[in-house]
Amino acid sequence: MITIYHNPRCSKSRESIAFMEQQGVAYKIIKYLDANLSYDDIKALLQKLNYSPIELVRTKDAFWQENFADKSLSDEEIIEAMVTHPKIIERPVVVNGSKAIVARPTEKIYQIL
């Protein structure tokens with residue numbers, strides 16, 4: 001089953017859900033802002049995405065800019081920042097088995113269907 005790490009306030013996240021509905025594909029939603037993702041959860045997502053930690057960060061987000069952008073952080077510290085402040089995680093993340101993508105643009109979902 002496909003999993004969508006979803007933020008209801010994000011238009012791209014809502015578009016990914018609409019896309020799945022149009023495709024008739026079963027999916028489940030994880031509202032990652034409420035899910036309390038652990039360090040290991042984020043590490044697993046990074047492996048499925050084949051991303052370094054900074055690639056999953058919304059680096060243009062005001063919170064990131066104000067609190068982290070001017071710091072030299074290790075990968076572990078970046079992951080900890082995502083655990084503590086999940087709003088800086090790029091979205092939506094769509095997972096199918098051992099593969100994942102950040103669905104920007106939404107059509108990227110085809111890559112893992």
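Across which strands does helix 1 lie, and at about what angle does helix 1 run to strand 1? The legends below begin with that view.

**Figure 1. Helix 1 lies across strand 1 and strand 2.** Helix 1 runs at about 155° to strand 1; axes are lines fitted to C-alpha atoms, for helices over the stretch in contact, with angles from 0 to 180 degrees between N-to-C directions. The model is predicted: local features need pLDDT of at least 70 and side-chain atom pairs pLDDT 80 or more, whereas totals for chains, interfaces and linings use all residues. Residues are numbered from 1 along each chain as its sequence is written, and side-chain values use heavy atoms, leaving out hydrogens and water. Helices (H or I, at least four residues) and strands (E, at least two) are DSSP runs numbered from the N terminus.

**Figure 2. An open sheet of 4 strands shows mixed pairing in the order 2-1-3-4.** Two strands pair if DSSP finds at least two bridges between them. Strand 2 (27-31) and strand 4 are the edge strands, each pairing on one side only. Direction ignored, neighbouring strands of this sheet are turned by 20° against each other on average. Strand 1 (residues 2-6) pairs with strand 2 in the parallel sense over 5 bridges, while strand 3 and strand 4 run antiparallel and are joined by 4 bridges. Asn96 has Lys99 of strand 4 as its bridge partner. The hairpin of strand 3 and strand 4 has 2 residues between the strands, and Gly97 takes a positive phi near 65° there.

**Figure 3. His6 is found in strand 1.** With a relative accessibility of 6%, His6 counts as buried; buried means under 20% relative accessible area, exposed over 50% and partly exposed in between (1.4 Å probe, protein chains only). The side chains of His6 and Ser13 are joined by a polar contact of 2.5 Å. A polar contact is a pair of N or O atoms within 3.5 Å; within protein, one must be able to donate a hydrogen and the other to accept it, and residues adjacent in sequence count only if both atoms are side-chain atoms. The bridge partner of His6 in strand 2 is Lys31. Beyond neighbours within four places in sequence, His6 is in contact (heavy atoms within 4.5 Å) with residues including Arg14, Ile17 and Ile29.

**Figure 4. Phe19 and Tyr110 form an edge-to-face aromatic pair.** The centres lie 5.0 Å apart, with 85° between the planes. Rings of Phe, Tyr and Trp (its six-membered ring) pair if their centres lie within 6.5 Å; planes under 30 degrees apart count as stacked, over 60 as edge-to-face and the rest as tilted. Phe19 belongs to helix 1 (residues 11-23) and Tyr110 to the segment after strand 4 (99-102), 91 residues apart. Phe19 is buried at 7% relative accessible area, whereas Tyr110 is partly exposed at 49%.

**Figure 5. Glu90 is found in the loop between helix 4 (75-84) and strand 3.** Glu90 counts as buried, with 18% relative accessibility. A polar contact of 3.0 Å joins its side chain to that of Arg104. Apart from neighbours within four places in sequence, the residues in contact with Glu90 are Leu56, Arg58, Val102 and Arg104.

**Figure 6. Ile78, Ile79, Ala81 and Met82 are the buried residues of helix 4.** They lie on the same side of helix 4 because they cover an arc of only 155° around the axis, taken from the directions from the helix axis to the C-beta atoms. Helix 2 and helix 3 (62-67) are among the elements that cover these residues.
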